[in-house]
Amino acid sequence: MKQSNFDERQLWLRGEVFKHSLLLMGFLLLLNTFLIDNGIILVEGIWANILIISVTSSFANIEMALNGAINFDDKRMTLFSAMMGIPGFIVLVLHFIEGESIIMNNQLSKNGAFLIMSIFFIAIPIAYFIKRNQYIKNIID
Amino acid sequence: MAKNLRIKSGRAALDMSQKDLSDAVGVSRQTMNAIEQQEYNPTIKLCRAICRVLGKTLDELFGEETDDETK
């Protein structure tokens, strides 16, 4: 059997994070369905579902970093977290260069959805590096 | 917040840092810190591993605290 890279506390925390993410995703999907059913469309076209998936997965990564469910000594995790922020940063920069409207027809446009996704993706490495710096500062006891 | 000072004093007696102890028992330093801060209750398996490394009994490290220790 493959040995896990995470210890018992981290595995437990990750389980909690997945539970919270599942609940959040379910709640957001139900809310979106309820609003659509009542004629209120928050996000243009199919982008509402993509936005919900992105927000939930970002939320899971941020919660894992903040709870210390990640091995801060593992260089792959540092690389992974940094990589998660890069597409978010690129989308954010492109948004400000193109300057397209985020609201169209009283709905969040595709660009608006991408803007929110990019902010969440940028928050992942920020949360990771803040907690990692705290970890490095406290390493001498 | 209450702290498990017995683990800290146990590893201090062996001149071990939190990192040394966590490496010896195979957990992350964050987890060892959480155990010492009493933010996480380890499984019996992990408790026994810590006791083995520090050369203490389960009761000595994780037994019920006396009034003096909790102050």
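Predicted model: local features only at pLDDT ≥ 70, side-chain atom pairs only at ≥ 80, totals over all residues.
Residues are numbered from 1 along each chain as its sequence is written, and chains are lettered from A in the order in which they are written. Local features need pLDDT of at least 70, side-chain atom pairs count only at pLDDT 80 or more, while totals for chains, interfaces and linings use all residues, and side-chain values use heavy atoms, without hydrogens and water.

**Exercise 1. Describe the build of chain B: which elements does it have, and what percentage of its residues count as buried?**

Step 1. Elements are DSSP runs numbered from the N terminus: helices (H or I) of at least four residues and strands (E) of at least two. Chain B has 6 helices and 0 strands, in the order α-α-α-α-α-α from the N terminus on.

Step 2. A residue is buried under 20% relative accessible area, exposed over 50%, and partly exposed in between (1.4 Å probe, protein chains only). Among the 71 residues of chain B, 41% count as buried.

Step 3. A contact means heavy atoms within 4.5 Å. Taking the contacts in chain B with a separation of 6 or more, 56% come from residues 24 or more positions apart.

**Exercise 2. Find the salt bridges of Lys19(B): which residues pair with Lys19(B), and where do the partners lie?**

Step 1. A salt bridge needs a side-chain nitrogen of Lys or Arg within 4 Å of a carboxyl oxygen of Asp or Glu. Side chains of opposite charge can pair when their charged atoms come close.

Step 2. One partner is Asp73(A), at 3.4 Å from N to O. This pair crosses between chains: Asp73(A) is in the loop between helix H2 (47-67) and helix H3 (75-98) of chain A, and Lys19(B) is in helix H2 (residues 18-25) of chain B.

Step 3. Another partner is Asp23(B), at 3.3 Å from N to O. Lys19(B) and Asp23(B) both lie in helix H2 of chain B, 4 residues apart, or about one turn of the helix.

Step 4. Asp73(A), Lys19(B) and Asp23(B) are therefore to be read together, as a network of salt bridges. Each is partly exposed: Asp73(A) has a relative accessible area of 44%, Lys19(B) of 25% and Asp23(B) of 47%.

**Exercise 3. Work out how Lys19(A) and Glu16(A) are placed: how many residues apart are they in their helix?**

Step 1. Their side chains form a salt bridge of 3.4 Å, N to O.

Step 2. Lys19(A) and Glu16(A) are 3 residues apart in helix H1 (residues 8-37) of chain A, which means that about one helical turn separates them.

Step 3. Lys19(A) is partly exposed at 42% relative accessibility, and Glu16(A) is partly exposed at 24%.

**Exercise 4. Describe the interface: how many residues of chain B are in contact with chain A, and which lose the most area?**

Step 1. In chain B, 15 residues are in contact with 14 residues of chain A.

Step 2. Buried area is the accessible area (1.4 Å probe) that two parts lose on being put together, summed over both. For chain B and chain A this is about 1,100 Å², 45% of it on carbon and sulfur atoms. On the side of chain B, Arg29(B), Gln30(B) and Tyr40(B) lose the most, together 55% of what that side buries.

Step 3. The rule finds 1 salt bridge across this interface. The elements of chain B that give two or more residues to the side touching chain A are H2 and helix H3 (29-36). H3(B) gives the most, with 4 residues.
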